[in-house]
Amino acid sequence: MLIRDAEIHGQGTADLRLEGRLVTAIGTLQPRAGEPVILARGGALLPGLHDHHLHLAALAVREASVFCGPPQVSDRDALIGALSQSGEGWLRATGFCESILGGTLPDARMLDTIVPSRPLRMQHRTGRMWFLNSLALSELLDRGPAPPGLERENGHFTGRLFDEDRWLQQTLGSTPPDFAATSSRLAASGITGITDLSPRNDPAMARHFAAQRTGGALKQSVVLGGALSLASAQQQDGWRLGPAKLHLHESALPDFEQTSAWITQAHDQGRGVAVHCVTEVEMVFTLALLEAAGSLDGDRIEHASVVSPELAAHLADLNLKACVQPQFVAGHGDRYLAEVETRHHPDLYRLRSLQDAGICLAGGSDAPYGSTDPWAGMRAAVQRRTAAGVPFTPEEALTPEQALALYLSDPLDLSRQRRIAVGEQADLCLLDRTWQEARGRLDSGDVRMTIASGRVVHQRIDQTPGQRLASAETAAA
């Protein structure tokens, strides 16, 4: 395939040829007989974007579920409307926030008044809690004994289920979802690679990812993080072994010595650790762990939600990287400003100051808990405004080029920026305009074509068949 007259990222205007999975030539090139030709017309040609932190299976399942959280669902009446779905069998809902019910976490009896005639499981927006109505409780408990995370009050189950996803999946006999539709939507934003950091990823899930890649449903290349057991999985085409995932919860921190030993095991596998840190306490605990166990070049902090200047300096001293979610400021910034202690406001979701401290940053969505659109993440990094338009530590803003760079990092070496060069994998994102025009918009609608591993996985259709035929004839001339 030949791409003609493209503004190649960091190089200027040129033609580019790709063969198989690789870029094989860049310069002034002539079409070969029968070679497909794409006329870029000066559009920016970028390395394919990489989402450095998401949960693909949860995202695919969510997209097949009823969404019942803000801003679409903001009160009880809207919740009732969202859950008024016709049909039989299980109803799965996601995104619930207690603000919808005035700060109340629903129990089975409350949910029975909303969904009385079919089993309902509704997930909290954090992903850590499920709410079950009485029909759901009855069906689950008929299949097996109650797990420790199923809450009891006065000897009765409330329908609130905490941190028991594995039990829920096993009891329901759930199988991993098909990734095709979700993968196509990611490709439409220019995403050619993902890092899945679900802590329960194990060899069985690795086999599912491999099968989805082999069958063509999953178009992106994959770095798979998760459990220590992943290191024993056969690394088939389409996925590479990523960091071991440690998901901390401030309210129930794990045993320090055991967790330090777990980090040592990960390092002995040649893997860094990716540690979920959304509070100051979790960050302090993580830094103490890595001081005790020793840090490895691939160790990284996920989210880095609250980082004081002192903690930033400590991160840099340990050579830790950070995967950030800039779009959380735009999506949740108003709530953060209202609910987080004022003293922490300057430390929330830092960007520029972390870079200035020498910390390498990469961008991720945390989907399904955040938007999958990397361009929305870039805009948020540049604008630093809440949904209501309130400035949110604007001194932490990045330039458009720095924001783009968050999604161009090598997923196995966040300190390295991927580039378009002869011999590199043909993961490409073609825009319909120059970078100078695109940098002021940072809009996924500008993505004209996405090429992953040398294959066109997304092509925006905005021409009539006659116009496309004319373009092809011009290319062949």
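**Close-up views of a predicted model**

**View 1. Surroundings of Trp375 in the predicted model.** Leaving out residues up to four places away in sequence, Trp375 touches Leu46, Leu49, Ser189, Cys429, Leu431, Trp435, Leu442, Asp443, Ser444 and Val447. Trp375 is also one of the residues with the most contacts inside the largest nonpolar core.

**View 2. The largest nonpolar core and a second, separate one.** The largest core has 68 residues, and those with the most contacts inside it are Leu56, Trp239, Met283, Trp375 and Leu431. Helix α9, which spans residues 280-293, gives this core its largest share, namely five residues. In soluble globular proteins, nonpolar side chains tend to be buried together.

**View 3. Arg271, a buried residue without a salt bridge.** Arg271 is found in the loop that lies between α8 (256-268) and β16 (273-276). The nearest side chain of opposite charge is that of Asp299, which is 9.6 Å away. A polar atom of the Arg271 side chain lies 2.9 Å from the backbone oxygen of Gly242, and a polar atom of that side chain lies 3.5 Å from the backbone oxygen of Leu228. Apart from neighbours within four places in sequence, the residues in contact with Arg271 include Gly225, Gly226, Ala227, Leu230, Pro243 and Leu296.

Conventions. Residues are numbered from 1 along each chain as its sequence is written. This is a predicted model: local features need pLDDT of at least 70, side-chain atom pairs count only at pLDDT 80 or more; totals for chains, interfaces and linings use all residues. Side-chain values use heavy atoms; hydrogens and water are left out. A nonpolar core is a set of buried Ala, Val, Leu, Ile, Met, Phe, Trp, Tyr and Cys residues joined through side-chain atoms within 4.5 Å. Buried means under 20% relative accessible area, exposed over 50%, partly exposed in between (1.4 Å probe, protein chains only). Helices (H or I, at least four residues) and strands (E, at least two) are DSSP runs, numbered from the N terminus. Contact means heavy atoms within 4.5 Å. Lys and Arg count as positive and Asp and Glu as negative; His and the chain ends are not counted. A salt bridge is a side-chain nitrogen of Lys or Arg within 4 Å of a carboxyl oxygen of Asp or Glu. A polar contact is a pair of N or O atoms within 3.5 Å; within protein, one must be able to donate a hydrogen and the other to accept it, and residues adjacent in sequence count only if both atoms are side-chain atoms.
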